Amino acid sequence: MPRQDYPNSTTPTPTIVAPTSRVPGPDVLLLIALYIFEVSALLVLVVTHKKPIGALLVRPAGVTGLPLLIAGPLLLGAAGVIVYRWATRARRDARRFGLTVALNLVPVLVLLGACEIAVRLLAVRTPRGPVFMERTLLPWTWADVLAHNGALLERTSLKGSYLVADETLGWVIRPDRRSADDRYFSSVEGLRSSRPGEVFAARAPRRRVAIVGDSFTFGLEVGFEDTWGYRLERALGPDAQVLNFGVDGFGVDQAYLRYRRDVRAWRPDVVIFGLITHDLYRSMATYTFLSFPGWPFPFAKPRFVVRDDGLSLLNVPLPAPQTILAASSITELPFIEYDPGYVAEDWEWNVLDRSWLFRYFVSSYRHAMGRDERSSEKQVVRLNQEIVRAFLRDARADGAIPLVLYFPSRVDFRQLGRDAGWTSLGQRMLRGGDIPHVDLTSCVAALAPAARFGPQHYSPGGNAAVAGCLTDRVRGLLSERQSPSGH
């Protein structure tokens, strides 16, 4: 058949489609390995920060070694995957390898940068350094402590401080003084009084009671007439005198030394020694501003230790506040190693500490690990038991009748609200040492919860309850005395 040509017809041309390059997806295994490596490396850095790894591995079952045992193998395993992927695929598929690394690094760097900025912006400045989410960021700076203490001393010198440094006790009440808020006054003997310049020695009572202790004995947050010491004196009658040797911030050790130096000369018939649980921890410190940052006491304090032959006082006479301010480094402070608030690495700086975020991680980890082992509960109890026993021996040898009181604090009632069988460390210290004492927990508990306390200490009602619970007991002790002491 002859070929027919059709008008207006064209021969179809085949379409050639150019091949397109496919964008490779990330290497999922490599991406996971990178994240595990980074998290594990951060944990290892936090755990081993300023610590020799060998020392951590000596006791791997401990709380400090356990994170390292977990993070270490993860770090090595992730590193092995990363190296294997680089050796086998980086050259053959460099584009995919680079994409995977970028997908890891970019979000990690952005997140770390944002967190670093947030910590710096939201941290609160304090005398010991910045605080973020209730964590003081380690390490601390000695210059900040000096500036804070210097400011405290300057303010007190301008206003006339109610407290004054003491080379034996750390600090005491300044004689013939009124506080800046006109709430507290002191006698010419340096005791709490109803007015400045009162002279307690001018009285010649038939019976004399001395009370010694911390702020709960002093009667912080209430006027003189509302303190339990004054109420006790009124209840005992005109023939009795109650002298208040309490000092705000005192530990068990300072109260004992206050008795030895200042109370004995008054020849009391009864000596009441009051304490709360926190006083036990204060006995462990040599510098209160280190163990309890933020407290308004820029002073050194005495420190006992227990040796084979009994109590030994380490550091008296104490350095003056001006001597402390002249120290160029915290390591220059004498007996600093005995203060549980001092841990050398907390004051040492290195390049990682330039990151506030890293400081927050380290500080949180250190907080989770708990208190330094030098302040173990066993050591706290043993030292304070020896101090209280020494007080009992000395008071009896001086011809006085000693009476030890345990004051429950807000913390006690908060814990008792959660567990009715809970006991504080102070209670366990006294009971475990077979130390005769009066526990005032049930006495204060008889009040309505809102009536027990002011901001931190006993309210006027709380003081009245203490005095009411003690009156008959103290009157009975005074009746044991066959004749007046001849004050």
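1. Ground rules first. This is a predicted model, where local features need pLDDT of at least 70, side-chain atom pairs count only at pLDDT 80 or more, and totals for chains, interfaces and linings use all residues. Residues are numbered from 1 along each chain as its sequence is written, and side-chain values use heavy atoms, with hydrogens and water left out.

2. The disulfide (a pair of cysteine sulfur atoms within 2.5 Å) joins Cys-443 and Cys-469, with the sulfurs 2.0 Å apart. It ties together distant parts of the chain: Cys-443 sits in helix 16 (residues 441-445) and Cys-469 in helix 18 (residues 460-479), 26 residues apart. Helices (H or I, at least four residues) and strands (E, at least two) are DSSP runs, numbered from the N terminus. The S-S torsion is about 95 degrees, so this disulfide is right-handed.

3. Cys-443 is buried at 10% relative accessible area, while Cys-469 is partly exposed at 38%. Buried means under 20%, exposed over 50%, partly exposed in between (1.4 Å probe, protein chains only). Cys-115 also counts as partly exposed, at 30%.

4. Now strand 8 (residues 207-212): six of its six residues are buried. Arg-207, Val-209 and Ile-211 point one way, and Arg-208, Ala-210 and Val-212 the other.

5. Strand 8 pairs in the parallel sense with strand 9 (residues 240-244) over five bridges, pairing being at least two DSSP bridges between two strands. Ile-211 stands opposite Asn-244 there. Strand 8 also pairs in the parallel sense with strand 10 (residues 270-275), over four bridges, and Val-212 has Phe-273 as its bridge partner in strand 10.
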